[in-house]
Amino acid sequence: MPTWTLHQGDALTILPTLTDPVDAVICDPPYNSGGRTMTERTSRTAREKYLSESGRNHGFDLGDFTGESRDQRSYAAWLAMILAHGYRLTRPGGAALVFSDWRQLPATSDALQAAGYTWRGIAVWHKPIARPQPGRLKQECEFIVWGSAGAMVPGNRPVYLPGHFTGSQPRGNARVHITQKPVRMLQDLVRIVPPGGTVLDMFAGSGTTGAAALLEDRSFIGIEQSATYAAGARQRLAEIAPHAAA
Ligand SMILES: C[S@@+](CC[C@H](N)C(=O)[O-])C[C@H]1O[C@@H](n2cnc3c(N)ncnc32)[C@H](O)[C@@H]1O
């Protein structure tokens, strides 16, 4: 029977208090990216970065979140500290899957390795309804930088996972977070953990990783800094597994 826990607070404060081992870290950090100049990247809030002006003014009443104002060097250093805690908790042979956009790919792969993981590759999340840009290549992909805590052992019943995912961000009422990921994609990703295993996401947002874990019969430990999003994530997880809160 899978269980779930959702801590509210700063990952760097809560992670040192965790001791139970996990089978994988699957996380979607605030990218600290977006914008043409460093000033644009470090001075705008998450809402300003990730929602269009019309979305901000008319459509979405989605909560803002903090932690989006680091420059690239401090992002790499901060993410390495966070992932080092994830590495400490990951069982030998377990995995780390970390979302990134194109701009933060080098920083993310550096942070993953600095934390102690062995870098294994990059998977692609293709977003079919991304905005075309005149005279430029369309930015229609985000990435999953992944690695393992030492050697990986496929076991007697290995899984065969894709390295390419297609899916749009949830829309309309299904969209409850500015940078929400499609739960279908996460349901594939959590299968890197054996059934009954545990996934840790220290940037839980609306709880998509946790929802996917529970739907796939895996346990979940989440951390989310925003009180609003943490409450929403708890509600989402409780709707899937009402009696499984640890
Ligand atoms: C990219 S979003 C995750 C979205 C999530 N994957 C989903 O589908 O809803 C990153 C989240 O990390 C949270 N966050 C930012 N800094 C944090 C920190 N220091 N500790 C914990 N959570 C943090 C933000 O509030 C935000 O909800």
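**Notebook: sheet and helices**

I began with the sheet of this predicted model: an open one of 8 strands with mixed pairing, in the order S1-S8-S7-S2-S3-S5-S4-S6. Next I looked up its edges, which are strand S1 (4-8) and strand S6 (164-166). Each has a single partner strand, so one side of each lacks a neighbour in the sheet. I also noted the twist, which averages 20° from one strand to the next.

Then I picked one pair to follow. Strand S4 (residues 118-126) and strand S5 (residues 141-148) run antiparallel and are joined by 8 bridges. I looked up Ala123 too, and its bridge partner in S5 is Ile144.

I found helix H5 (residues 72-89) lying across strand S2 (22-27), strand S3 (90-100) and strand S7 (198-201). H5 runs at about 150° to S3. H9 packs on the sheet as well, where it touches S1 and strand S8 (219-224). The direction of H9 makes about 170° with that of S1.

My last stop was the helix pair H8 and H9. The axes of helix H8 (residues 208-215) and helix H9 (residues 227-240) come within 9 Å and cross at roughly 10°. Angles under 35 degrees count as roughly parallel, so H8 is roughly parallel to H9. Which residues make the contact? From H8 I listed Thr208, Gly210, Ala211, Leu214 and Leu215, and from H9 Arg236, Leu237 and Ile240. Sorted by class, this contact of H8 with H9 has 5 nonpolar, 2 polar and 1 charged residues.

Note on methods
Residues numbered from 1 in each chain as written. Predicted model: local features only at pLDDT ≥ 70, side-chain atom pairs only at ≥ 80, totals over all residues. Heavy atoms only, no water. Axes fitted to C-alpha atoms, helices over the stretch in contact; angles between N-to-C directions. Helix = DSSP H or I, 4+ residues; strand = E, 2+ residues; numbered from the N terminus. Parallel < 35°, antiparallel > 145°, perpendicular 65-115°, else oblique. Contact = heavy atoms within 4.5 Å. Nonpolar A, V, L, I, M, F, W, Y, C, P; charged D, E, K, R; others polar. Pairing = 2+ DSSP bridges.
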